[in-house]
Amino acid sequence: MELDDLRLVRALQLAPRASFARLAEVVGVHERTAARRYRRLRRAGIVRIFGMVNPMAVGYQFWQVRVRCRPDASESLATALAARDDIAWVAVTAAGSEVSFSVRSLSAERRDLLLTRLLPRSAQVLDIEAAVVLHIFRGLSSRGWSSFGGALTAEEITLLTAEEVAEGEAAPIPLEPCDSAFFGVLAADGRATTAQLAEAAGISEGRAARRLAVLRQSRTLIIDLDLAHEVFGITVGAQIYFAVTPARLHEVGEALARLPEVGFAAALSGRHNLMASVACRDLSHLYAFMTADAGTLDAIVSMEVVPLARMVKQSGGLIADGRLVDPGTARD
């Protein structure tokens, strides 16, 4: 990948809705060049910008689930789960004998139906382990993910992020009737214009712009960028489950979140009280992460590493042949 493309990807990671003029200024290319490169990356399934509702901001729970199943059923089960709009992430793990996924349902009834009735009744499912997310250290956006941290200078990052919403806890707000239309449009294209949002919601463009700003500022709506990791030389993914001394859980979670390989880290209920999703170049890199990075945190009592056999759905977008599948019609 060309350096300008990598710089553009990092810029979009930090400011996914930034204008092409601002992106071009930071990357050091012409505005039309920045727009053309972004569209090419998107068409190729290398990047996808999308919006998602933060379930914790609207009072709903976020669950991490592991389903042990017959190996010959893992692919069909993962595909069926990925088709649901309340399932945000799906992977076949443990050499095909397990499917891991996250539930970000805004309907408790729909979530409970899946976890307590539909899955347990399947003859292919052998065991289910579900844990509720108690606290997220990293993962509601890829903005802090630092694997590409050296692509932009500190000055360029400051210029790019001056108008961006600060990272932090959500400030819950009541949802309005127009919000569901916003969420639907932005799930397909996180760079959809305010004119497109206004048309979908049946409101004025000015009101749409103001409401979008409120949703983002409160972190009710997260705009993020998804990547086809293999294109960037990241070939090994894993979920790592930790048992951590309770008094030091927050300290260890914060430390994990600062490691460049970690895309998601959260405190959980259940037998493991902390988990991290990691992306590594290869197995040697994963081993170094386990031993030299996470392994040096002395409050960790135990560690279970579950390599990903295949990603099926990633942050709300499907994966096919290592590329992101855009569910919506391409927009500029």
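Visitor: Which residues are exposed on the other side of α11?

Guide: Let me begin with the source. This is a predicted model, in which local features need pLDDT of at least 70 and side-chain atom pairs count only at pLDDT 80 or more, while totals for chains, interfaces and linings use all residues. Residues are numbered from 1 along each chain as its sequence is written, and side-chain values use heavy atoms, with hydrogens and water left out.

Guide: Two terms are needed here. Buried means under 20% relative accessible area, exposed means over 50%, and partly exposed lies in between (1.4 Å probe, protein chains only). Helices (H or I, at least four residues) and strands (E, at least two) are DSSP runs, numbered from the N terminus. In this structure, helix α11 covers residues 283–293, and its buried residues are His285, Leu286 and Phe289. They cover an arc of only 105 degrees around the axis, which puts them on the same side of α11; the arc is that of the directions from the helix axis to the C-beta atoms. On the other side of α11, Leu283, Ser284 and Tyr287 are exposed.

Visitor: What covers the buried residues of α11?

Guide: The cover includes β7, α10 (249–257), β8, β9 and β10. This rests on contact, which means heavy atoms within 4.5 Å. At the start of α11, a side-chain oxygen of Asp282 also reaches to within 3.2 Å of the backbone nitrogen of Ser284.

Visitor: Which residues of helix α4 are buried?

Guide: In α4 (residues 74–82), the buried residues are Ser74, Leu77, Ala78, Leu81 and Ala82. Their arc around the axis is only 130 degrees, so they are on the same side of α4.

Visitor: Is Thr93 buried or exposed?

Guide: Thr93, in strand β3 (residues 87–93), is buried, with a relative accessible area of 0%. Beyond its neighbours within four places in sequence, Thr93 is in contact with Glu98, Val99, Ser100, Val306, Pro307, Leu308 and Ala309.

Visitor: What is the phi of Ala94?

Guide: Ala94 has a positive phi of about 50 degrees although it is not a glycine. Ala94 is in the loop between β3 and β4 (98–103) and is partly exposed, with a relative accessible area of 29%. Ala95 lies in the loop between β3 and β4, and its phi is also positive, near 55 degrees. Ala95 counts as exposed, at 79% relative accessibility.

Visitor: How many cavities does a search of the whole structure find?

Guide: Rolling a probe the size of a water molecule over the atoms shows where empty space is left. On a 1 Å grid over the protein atoms alone, a cavity is a set of points where a 1.4 Å probe fits but cannot get out, and a pocket is an open set with protein on both sides within 12 Å along at least five of seven lines; lining residues have an atom within 4 Å of a point. Grid points are joined across faces, edges and corners, and a volume is the space filled by probe spheres set on the points. Here the search finds two cavities of 30 Å³ or more. The second largest cavity holds about 80 Å³ of space, and β2 gives the most to its lining, with three residues.

Visitor: What is the volume of the largest pocket?

Guide: The volume is about 880 Å³. Of the 43 residues that line the largest pocket, the closest to its centre are Trp89, His229, Leu308, Met311 and Gln314. Strand β10 (300–314) gives the most to this lining, with five residues.

Notes. A polar contact is a pair of N or O atoms within 3.5 Å; within protein, one must be able to donate a hydrogen and the other to accept it, and residues adjacent in sequence count only if both atoms are side-chain atoms.
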